[in-house]
Amino acid sequence: MEPRLKELRFNLYRIRNNPISLIGLGLIIFNIVIALIAPVIVPPNRPNPYKIPKIFSTEPLPPTSEHPFGTSGPSGYYDIFYGVVWGSRMSLRISFTVISAALAIGIIIGTIAGMCGGIIDEVLMRTTDVFFALPGLVLAMAVASVLGRTIMNLMGALIITWWPGFARLIRGEVLKIKQETYVEAARAVGADFFTVMFKHVLPNAIFPVIITASMNLGSIVMAAATLSFLGLGAEPGTAEWGAIISEGRNWMLQGAWWTTFFPGMAIFIYVLGWNLLGDAFRDILDPKLRRTIL
Amino acid sequence: MTENVVEVRDLKINFTTYEGIMKVLDGVNLRIRKGEVLGLVGETGCGKTMTGRAIMRILPSNAIVVNGEINFEGKTELLKLKEDEMRNIRGKQISMIFQEPRRALHPTLNVGNQISEVYELHMKEEILKTALKEMDEYQGPFSNTIRGIYAGELEGKKPVLKKIFDRIPFLRGSLNEPKKGVLIDKSRKMLGMVQIPDPERVSEQYPHELSGGMMQRVLISIALACNPKLLIADEPTTSVDVTTQAKLLDLIMDLKKSYGGSILLITHNLAVVAETCDRVCVMYAGTIVEEAETGTLFNEPIHPYTKGLLAAIPIIGRKKELKSIPGFVPNFLNPPSGCRFHPRCNLAEEICSEKKPSLVEVEKGHFVACHKLLGGLDGDV
Amino acid sequence: MVMSENILEVQNIKKYFPITGGFTRKKKGEIKAVDEVSFSIKRGETYGLVGETGCGKTTLGRTILRLIEPTSGEAYFYLSDQSGKSPNSGIEKKDASHSTRSRDDRFDIFKIGRRNLKRIRRYMQIVYQDPFSSLNPRMLIKDIVGEPLKIYKVAKGVDLLDRVTDLLERVGLTKDHLFRFPHEFSGGQRQRICIARAIALNPTFLVLDEPTSALDVSVQAQILKLLEDLQNDLGLTYLLITHDLSLVDHMADRVAVMYLGKLVEIASKEELFGNPLHPYTRALLSAVPIPEPERRYSKNVIFLKGEVPSPVNPPQGCHFHPRCPEITPMCKRAEIYEPKLEEYTPGHFVACTKYEKS
């Protein structure tokens, strides 16, 4: 396994030398750490830690030592600090769940379409187009009104919106890799359809998709926050950044800047971190840019 | 004494990479005489392309010139020039053609425009003068103003009117029209010189519409447009077929006769060198190991590497066993000490791993870099 | 059982690539890459197939192995074991009834079913031109060379590793190279890896598609020597596809010259180089540069006018006539029909109106 370790070391070297990626990595690590030690920073609310515990108040309070980020309402006044800290856990949960599921669906459909070609390809791609055309917003509204406003439904709506992009991407890569000489060479030594697909095409086709996926982790949270903000995602009072901003909207004009500032900053840091890291991944993992020999 | 067009002295170039410093050129010495075709032969990775690019000073960003000088026409030291002074020489006095014409041509400019570009960059004055002369019969709108602007440009001034004209699209078109006419004429003439049939039509075409051989001719016409003193041809026929290669080489030789410049032909194909070059330099791992007139090199090679190369190529009509040179091309990160060829040489002795041999004139015009042939070592040549 | 003299017989192979376009994706035209080619290769010989870029020789090589599906034509492969035993055990009987085999050891490559094709494939392998793109960049060398052995269940586990090491050593590499990636090797080494992969299953027939074009001179000599040694040790038959006539002169026994999808001349090597008949062959031979400076001035290059026409619209009749330097009034008739390959002298075939007996 030595050569793969060497490759890993080379990649880490590239990450280390790329200042943008270091910033991105730093921001992400920061988020992950906060998410991990959330129970330590702020004791969780029982039974559901994602429901922010309510406090007695009639109006939002500015940041004080007791409530470092202030408080907000009116669905029941609560501590924003709690919301932001536990919100980081929630964001990671949402991002990874949605991306994993969308990747899984997209890869399966895209690979089958690309490998089979012909009528199967046509059918699958037209279906993908239909899903592509569904506006995420409308879908989320429909889901929210019919099935209720829960995080699960929010994630479901996001998955349905996200998978077509991956399907198309991997289909394109599969079509490209299928034409490479080494794929034909594999057929010449007797490899059948499935061997070619799993051992030769997929491992080489999957990289651009992974990179796009990692960049999308930030966008997912953005989308979730937007939907919550519009009242379609998590219910207010949930430890979800968008939901907090949604309520804060009411108080902004009255001078209670803290109700939107802190959760907004949280989103910004999270999305920026993933975008920078994703950019760096792309530069690093692009096989053409590596090891330019004269 | 024949004057040298370009003389490269003890050129050493390093490259910085992730894995360390690659010592690519290790003291290259070569002379290109006026009017000759010099072949620079070597295998992939020996540094011959880098040498050509060093003369043109178009090295990659991680290249460092550690040592050496490149003299142009005996007076200008190319490595010491400032970038804009070098730009004056590139394309005008020294030009280069490349292996893959498809990648060297602009994909969305038509062929005529690409040739004109060279004229616009390097022969501005001549274009303006010719345009003015031709405008004597031309009586179009603003003709007097345009004449004034051209005259001003010739004197080196920057006429205010020009700026105004440039801003307004319609006027800009009229302003450039006489110039364009001259440029189109010259480009078409150049296309004719490289034996492209139907130059009027071809000059309107785009590179992807042309075959490999035609594209290479276009590249040659761009390179020769300003009648350079030296043409560096980097593997010009490696990517074309045998029949196209024969035509291209024939063309290059013809043009050399009519233009009178020198050519540095960089290639790994010994057969091409045998047919076209006056003298040959053999390069191995960043240094010249042998230099001689073509006939002498092929019939009386001295350096073991040259002998090895000649023994490895099949020749039509000659039945021979192909002998390969044992071992592998060295790594530039940790090149062998002393003579870089010694690990693969069956004549190697202790001194070969200690000291790098320098190019010595063994007989008139024949230079070899090998310890075995200098005095002090027993052993027959 | 008598072993047939031929190992491969190819008849009237056509490979046309359709060009689709437009909204309805209708067929607008065809690229006639291979246009009715017939020839046969004797067991144990090296058969050279020469031509320039775009003449279809690579497509022909891949079609013969059915890595590309042919448009029409037949290709028969004669299988036989070195031990003289019939290797047919295991080949399905059902193919016999389809008259794809009239003799026990002949297989119609284009008509047999998938399972039999897989069984035949182990005896017919290919080495590609570009060593940089014919190896999966994400697979270790041991897996690349071991893949055929795994697929055909010849070995597994430690035994597999031993056999792969054996193969690598046979082509001049060592067991240190097992656990590395392709990009860590030079072009010559990669080509050796491709050769190791190709001989893993002990094939009898090997298609060599420009095996040394991408390599340096001294490396080329090494690879050629390796190929010659392997041919002697393993009793291989080679179809050597190349544009390099010096290589053909060095290695081949018989040579076929291809132009724009058709064979224009077939002869033994000595006949082809000593007495080339077809004008294209003559032009080709005259254009080859010779590394002997004294021959420079006695050489008479025959220049062909124009460029190679596109295989989409090949010229009517004799494909070569618009560029032919030896065109005669007789060839005007060539605009209506095309000259076929005919035997001019024993073993020497040429497709040219000048040599037609009628």
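Two strands pair if DSSP finds at least two bridges between them. Helices (H or I, at least four residues) and strands (E, at least two) are DSSP runs, numbered from the N terminus. In chain B, strand S1 (residues 4-17) is joined to S2(B) by 11 bridges, and the two run antiparallel. Within this pair, Asn4(B) has Arg33(B) of S2(B) as its bridge partner.

The structure is a predicted model, in which local features need pLDDT of at least 70, side-chain atom pairs count only at pLDDT 80 or more, and totals for chains, interfaces and linings use all residues. Residues are numbered from 1 along each chain as its sequence is written, while chains are lettered from A and ligands numbered from 1 in the order in which they are written.

The S1-S2 pair of chain B belongs to an open sheet of four strands, in the order S2-S1-S4-S5, with antiparallel pairing. Strand S2 (20-33) and strand S5 (76-77) of chain B stand at the edges. Each has a single partner strand, so one side of each is left without a neighbour in the sheet. Strands of a sheet pair through backbone hydrogen bonds. Helix H1 (residues 48-56) of chain B lies across S1, S2 and strand S4 (63-72) of chain B. This helix runs at about 110° to S1(B), where axes are lines fitted to C-alpha atoms, for helices over the stretch in contact, and angles run from 0 to 180 degrees between N-to-C directions.

Leu264(B) sits in strand S8 (residues 262-267) of chain B. Leu264(B) is buried, with 26 other C-beta atoms within 10 Å. A residue is buried if 20 or more other C-beta atoms, placed from the backbone, lie within 10 Å of its own. Contact requires C-beta atoms, placed from the backbone, within 7 Å. Not counting residues up to four places away in sequence, Leu264(B) touches Ile32(B), Leu38(B), Leu40(B), Gly52(B), Leu230(B), Ile232(B) and Ala233(B). Gly52(B) is 212 residues from Leu264(B) along the chain, yet their C-alpha atoms are separated by 8.1 Å.

Leu264(B) is also among the residues with the most contacts inside the largest nonpolar core, which has 277 residues.

Chain C holds 11 helices and 12 strands. Of its 358 residues, 45% are buried. In chain C, 32 residues are in contact with 32 residues of chain B. Helix H7 (217-234), helix H8 (245-251) and helix H10 (279-287) of chain C each give two or more residues to this side. The largest share, six residues, comes from H7(C). The side of chain C that touches chain B divides into 17 nonpolar, seven polar and eight charged residues. The buried residues of H10(C) are Pro279(C), Tyr280(C), Thr281(C), Ala283(C), Leu284(C) and Ala287(C). They pack against helix H11 (242-259) of chain B together with H8, strand S9 (254-259), strand S10 (262-268) and helix H9 (269-274) of chain C.

Confidence is given by pLDDT, the predictor's confidence in each residue, from 0 to 100. Chain B has a mean pLDDT of 86, and 96% of its residues reach 70 or more. Over residues 376-381 of chain B the pLDDT is below 50. Where pLDDT is low, the predicted coordinates should not be read in detail.

Conventions
Contact = placed C-beta atoms within 7 Å. Nonpolar A, V, L, I, M, F, W, Y, C, P; charged D, E, K, R; others polar. Buried ≥ 20, exposed ≤ 12 C-beta atoms within 10 Å, placed from the backbone. Core = buried A, V, L, I, M, F, W, Y, C linked by C-beta atoms within 7 Å.
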